[in-house]
Amino acid sequence: MPATTASSPPPPAIQANQHIYDDYFEEEFTRTVDENILQLLDRVWFRSELVGFEDFPQRNNPDRPLIFASNHSGMAFPWDAIVALSHLFRYLPKHERMSDLPRPLSAPLLSQTALMNPYLVKDFWKKCGCVDATTLNFETMMYYQDHNLMLYPEGVPGIGKGFNRKYELQRLATSMVRLGLQHGTDIVPFYTINAEYLNPYAYSVDWINRLTKKIGIPFLPLTVLLLLVLIQPWAFYLALPAKLTFVMGTRIRPSDLTNKTVDELSREEYLALSEQIRQQMQTEMDAAVRAHGQKPYRWGELWQRMKENRRFFPFFLPFAWPAVFTEFERRYVKEGQRNFRMQLDRPGAWLRMLWRNPITLAYFIPLLGWIPLAIKGYKGNKLGQKP
């Protein structure tokens, strides 16, 4: 099968599925949550850094999006993806290339219950541009013109890997290679460094993960912090203050890896090509870890950032995040406010948020606090529903 072009219309199934471009995505939601919450969390807590993004990759095929691909960080809530996308959201407009921003394909389990959205903000992932990572959706997004794509080709096994397998790329999805070949577009790897330390020393047990998937939780990290989750539910979303560093890798052109067409390649050959890419990415990621991953927390820098932003206390600390996310949802979603700025530096702002959003108190109630959170988290859940 030759590479598709702009003159190649999408197949009927793809055309019928193109509603996914706009079903949930709200650029204004993304901008507003970034301005009100994520910029502060990134500036103080995560202190993210882009390495090698100055000459931002441009499409080799102007009619098809680039495929950005990164490693998953095991056993942690996906703050690394949130921070990467919010940083790029701020970075790209400065270079007047907002269309280069990648939209992510995300594990469907993240969207099936509100519980897997940050602090129960319903459809948070999809409003920020995520699309469920199904085969049909991936193929459909290859015809999307407004943004590039981003995916974590390790899939759920990459999320569920324990700390003993940190920075070890799991098997990559062959669909990434197949669609790159079919559409004549390049793969742009980048490496997420230090996110393994958002929830360190957490380990994975397959049979436990199979049980938790049935209730919409893709994995259960076995760690000392698990006890804290029981007695302080806000810790379910906890991330330790690792300095997140995103390192650009070497661009990959799938057509340079084989002389065969998409239809001529066998399943075994796709697996071999995927493994070849995995090995290249693993080598580059190992180098990135050596260069940027030796001091994952940078405690001195963290303390300095906290002092510089002390007027925003306590909102840069994880125990205050439930209140600020819930208040944001109240104002943006429930009240329909737009173009607002939450005054996080006002005295007593956190207490007022608790007062206006009583559900937030449940995050601090040992054991019993999980009851109202679970009710809200699973209300109208999509588990077992067909897409």
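**A guided tour of salt bridges and a helix face**

Select Glu-301 to begin: at 26% relative accessibility, this residue counts as partly exposed. The model on display is a predicted one.

Glu-301 and Lys-243 form a salt bridge, and their closest N and O atoms are 3.5 Å apart. This pair links distant parts of the chain, 58 residues apart: Glu-301 belongs to helix H12 (residues 299-308), while Lys-243 lies in the loop between helix H10 (225-231) and strand E7 (245-248). Lys-243 has a relative accessible area of 5% and is therefore buried, since buried means under 20%.

Now extend the selection to Arg-47, Glu-49 and Arg-305. Together with Lys-243 and Glu-301, these residues are linked in a network of salt bridges. In the whole structure, a search finds 20 salt bridges.

Proceed to helix H2 (residues 27-46) and select Glu-28 and Arg-31, which both lie in this helix, 3 residues apart, about one turn. A salt bridge joins them, with the closest N and O atoms 3.6 Å apart. Arg-31 also forms a salt bridge with Glu-35, where the closest N and O atoms are 3.2 Å apart. Glu-35 and Arg-31 are 4 residues apart in H2 and so are separated by about one helical turn.

Finally, select helix H9 (residues 206-213). Which residues of H9 are buried? They are Ile-208, Asn-209 and Thr-212. These residues lie on the same side of H9 because they cover an arc of only 100° around the axis. Turn to the face of H9 directed away from its buried side to find the exposed residues Asp-206, Trp-207 and Arg-210.

Technical notes: Residues are numbered from 1 along each chain as its sequence is written. This is a predicted model: local features need pLDDT of at least 70, side-chain atom pairs count only at pLDDT 80 or more; totals for chains, interfaces and linings use all residues. Side-chain values use heavy atoms; hydrogens and water are left out. Buried means under 20% relative accessible area, exposed over 50%, partly exposed in between (1.4 Å probe, protein chains only). Helices (H or I, at least four residues) and strands (E, at least two) are DSSP runs, numbered from the N terminus. The arc is that of the directions from the helix axis to the C-beta atoms. A salt bridge is a side-chain nitrogen of Lys or Arg within 4 Å of a carboxyl oxygen of Asp or Glu.
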